[in-house]
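Please look over the model shown below with its side-chain contacts in mind. The report that follows takes up charged pairs, nonpolar cores, a helix and aromatic rings in turn.

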Amino acid sequence: MQLGMIGLGKMGNFMSQRLMQGGHAVIGYDPNEKARQALIDAGGKAVDSMDKLIKALKAPRAVWLMVPAGKVVDETVKALAGKLSKGDVVIDGGNSNYKDDQRHAAQLAKKGIDFVDCGTSGGVWGLKEGYSMMVGGDKQVVNRLKPLFETLAPGKNKGWGHVGPVSSGHFVKMVHNGIEYGLMQAYAEGFAIFKHKEEFNLDLEQIAQIWRYGSVVRSWLLDLTADALKKNPEMQDIAPYVVDSGEGRWTIEAAIDLNVPAPIITASLIERLRSRDGDSFSDKLLSAMRNEFGGHAMKKE
């Protein structure tokens, strides 16, 4: 099957390589020349404009987007709406908000162009291990694209699925990432407790390795944690600053809209926000309050 890939960053190129290994033809476009060259070096074909990409693809065309969510996806979908034809399909494989999917699908439908959203997980390991994909869209359209999903997945019938209508794929991926926030926070807090129990001089990597086999808390995240601890046991030269892609926030917003309590996911996001406040006014004010009502000592800078 032939596919156009827009966005040849690390993930886009890795996905393209896996598709080519599975016998699919990939033609890629990215404004960055080095990104295009990386696809060419991997055996694919790259072009330097969206017009050339569309011209090179056989109808009905399938164009996969791996570009940053938000404004860039908006601009790309708008451009494609004016260039693609009835019966073509656009697949958003990035981390778009599911509400944006609904808007994009309606925008493309006016031109008879189909839209599929694919929540994708697997990161840089996907090229070797395969990607977990949560797909939303019309059933007939998804079936037409089935060979692509089967190739990208860990196995033909595992690690991917058509979860529902347009926008449901990114909705499921959004909650997936919210759960991921909570899992990561729990691991981080547990190992921090170990680190501060200095009298035991615990080997954190050893503990992670023990837990990887037979433990009820074993997981791929734990595997990665063990690798990180092996490479850098003291976490040297790593700033205590944790970013978020936005999907944790969206998950919490959805939970509120649906009246579903999600305290763990919410707390994990708050901890990420807290990590960015190197000069916490709230902590200073808390210390001042304790001093005011109880005369408790305040630590000076």
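Helices (H or I, at least four residues) and strands (E, at least two) are taken as DSSP runs, numbered from the N terminus. With these elements assigned, Arg 61 is found in the loop between α3 and β4. This is a predicted model, in which local features need pLDDT of at least 70 and side-chain atom pairs count only at pLDDT 80 or more, while totals for chains, interfaces and linings use all residues. Residues are numbered from 1 along each chain as its sequence is written, and side-chain values use heavy atoms, with hydrogens and water left out.

**Charged pairs**

A salt bridge is counted where a side-chain nitrogen of Lys or Arg lies within 4 Å of a carboxyl oxygen of Asp or Glu, and the structure holds 13 salt bridges.

| Asp 88 | Arg 61 | 2.8 Å |

Because Arg 61 lies in the loop between α3 (50-56) and β4 (62-65) and Asp 88 in the loop between α4 (71-81) and β5 (89-92), the pair ties together parts that are 27 residues apart in sequence. Burial is judged by relative accessible area, with buried meaning under 20%, exposed over 50% and partly exposed in between (1.4 Å probe, protein chains only). On that scale Arg 61 is buried at 15%, and Asp 88 is buried at 1%. If contact is taken to mean heavy atoms within 4.5 Å, then Arg 61, leaving aside its neighbours within four places in sequence, is in contact with Ile 54, Leu 84, Ser 85, Asp 88, Val 89 and Arg 144.

Glu 234 counts as partly exposed at 47% relative accessibility, and Lys 195 counts as partly exposed at 38%.

Elsewhere, Asp 74, Asp 100 and Arg 103 are linked in a network of salt bridges.

**Nonpolar cores**

A nonpolar core is a set of buried Ala, Val, Leu, Ile, Met, Phe, Trp, Tyr and Cys residues joined through side-chain atoms within 4.5 Å. The largest such core has 27 residues, of which Trp 64, Ile 91, Val 116, Met 133, Leu 145 and Phe 149 touch the most other members. Not counting residues up to four places away in sequence, Leu 145 touches Met 1, Ala 62, Val 89, Ile 91 and Val 116. A second, separate core of 21 residues includes Ile 54, Val 77, Ala 81 and Ala 105.

**Helix α12**

Among the buried residues of α12 are Trp 250, Ile 252, Ala 254 and Ala 255, and the buried residues of this helix pack against α9 and α13 (263-274). Just after α12, Asn 259 takes a positive phi of about 60 degrees.

**Aromatic rings**

Rings of Phe, Tyr and Trp (its six-membered ring) pair if their centres lie within 6.5 Å, and planes under 30 degrees apart count as stacked, over 60 as edge-to-face and the rest as tilted. The structure holds six aromatic pairs. One of them joins Phe 191 and Phe 194 edge-to-face, at 5.6 Å centre to centre with 85 degrees between the planes. Both residues lie in helix α9, three residues apart, which is about one turn of the helix, and Phe 191 counts as buried at 7% relative accessibility. Ring pairs also link Trp 64, Phe 149 and Trp 160 into a cluster.

A charge sits over a ring if NZ of Lys or CZ of Arg is within 6 Å of the ring centre and within 35 degrees of the ring normal. The charged end of Lys 197 sits over the ring of Phe 200, 5.2 Å from its centre, and Arg 272 lies over the face of Tyr 181, at 3.7 Å from the ring centre.
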